[in-house]
Amino acid sequence: MPHSSDSSDSSSFSQSPPPSKQDSSDDMRKVQRREKNRIAAQKSRLRQTQKADTLHLESEDLERQNAALRREIKQLTEEMKHFTSMLSSHEPLCSILTSPPPPPEVIYATHSFHQPHISSPRFQH
C-alpha cells in the first residue's frame with residue numbers, strides 16, 4: 001500500500017503535545033538529579049585528590065624512615081666490624097678460651113650481667 005499524505009497523519013507526527021504538569025515536574029527532577037550528581041562528582045574528585053595527597057605525604061615519610069634505617073644499618077655494620085676485629089685480636093690472648101670451661105653453675109654464680117665493660121663509642125657517655 002502506498003504511503004498517503006493526509007494532513008491529519010502529518011500533523012500528528014510533527015507537533016508535540018503541549019507541556020503538561022507531569023512533564024515540567026519530570027524536567028525539574030532531571031535538573032535536580034543532575035545538580036545532585038554534579039555535586040556528588042565534585043565531592044568524589046575532592047576526596048580522591050585528598051587521598052592522593054595523603055598517600056604522597058605518607059610515601060615521603062616512609063622514604064625518610066627508609067633512609068634513616070639505611071644509615072643505622074651502615075653504622076651498625078661498621079660497629080660490628082669494629083667488635084669483630086676486637087674479638088679477633090683478643091681471642092689468641094684470652095685465658096678463658098684456652099682453659100677448660102667451668103661447670104655451668106659456677107659460670108652463672110660468678111657472672112654479673114650489669115658490669116659496664118662495653119667499649120663502643122656508642123655506649124660511652
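The protein chain contains four helices and zero strands, where helices (H or I, at least four residues) and strands (E, at least two) are DSSP runs numbered from the N terminus. Along the sequence, these elements follow the pattern α-α-α-α. The model is predicted, so that local features require pLDDT of at least 70 and side-chain atom pairs count only at pLDDT 80 or more, while totals for chains, interfaces and linings use all residues. Residues are numbered from 1 along each chain as its sequence is written, and side-chain values use heavy atoms, with hydrogens and water left out.

The mean pLDDT of the protein chain is 80, and 66% of its residues reach 70 or more. Among the elements of the chain, helix α2 has the highest mean pLDDT (96), whereas helix α1 (residues 7-14) has the lowest (50). Where pLDDT is low, the predicted coordinates should not be read in detail.

Of the 125 residues in the protein chain, 2% are buried; buried denotes under 20% relative accessible area, exposed over 50%, and partly exposed the range in between (1.4 Å probe, protein chains only). The protein chain exposes about 12,200 Å², of which carbon and sulfur atoms supply 59%.

Four salt bridges are present in the structure, each defined by a side-chain nitrogen of Lys or Arg within 4 Å of a carboxyl oxygen of Asp or Glu. Side chains of opposite charge can pair when their charged atoms come close. One of these bridges joins the side chains of aspartate 26 and arginine 29, at 3.4 Å from N to O. The two residues are three apart in helix α2 (residues 21-90) and are therefore separated by about one helical turn. Aspartate 26 is partly exposed at 28% relative accessibility, and arginine 29 is likewise partly exposed, at 47%.

A further salt bridge links arginine 38 with glutamate 35, whose closest N and O atoms are 2.5 Å apart. Both residues lie in helix α2, three residues apart, or about one turn of the helix. Arginine 38 has a relative accessible area of 42% and is partly exposed; glutamate 35 is also partly exposed, with 36%.

The side chains of arginine 64 and aspartate 61 likewise form a salt bridge, with an N to O distance of 4.0 Å. Because arginine 64 and aspartate 61 are three residues apart in helix α2, about one helical turn separates them. In this pair, arginine 64 is exposed, with a relative accessible area of 52%, whereas aspartate 61 is partly exposed, with 34%.

How values were computed
Accessible areas come from the Shrake-Rupley method with a 1.4 Å probe; for residues, only the protein chains shown count as cover. pLDDT is the predictor's confidence in each residue, from 0 to 100.
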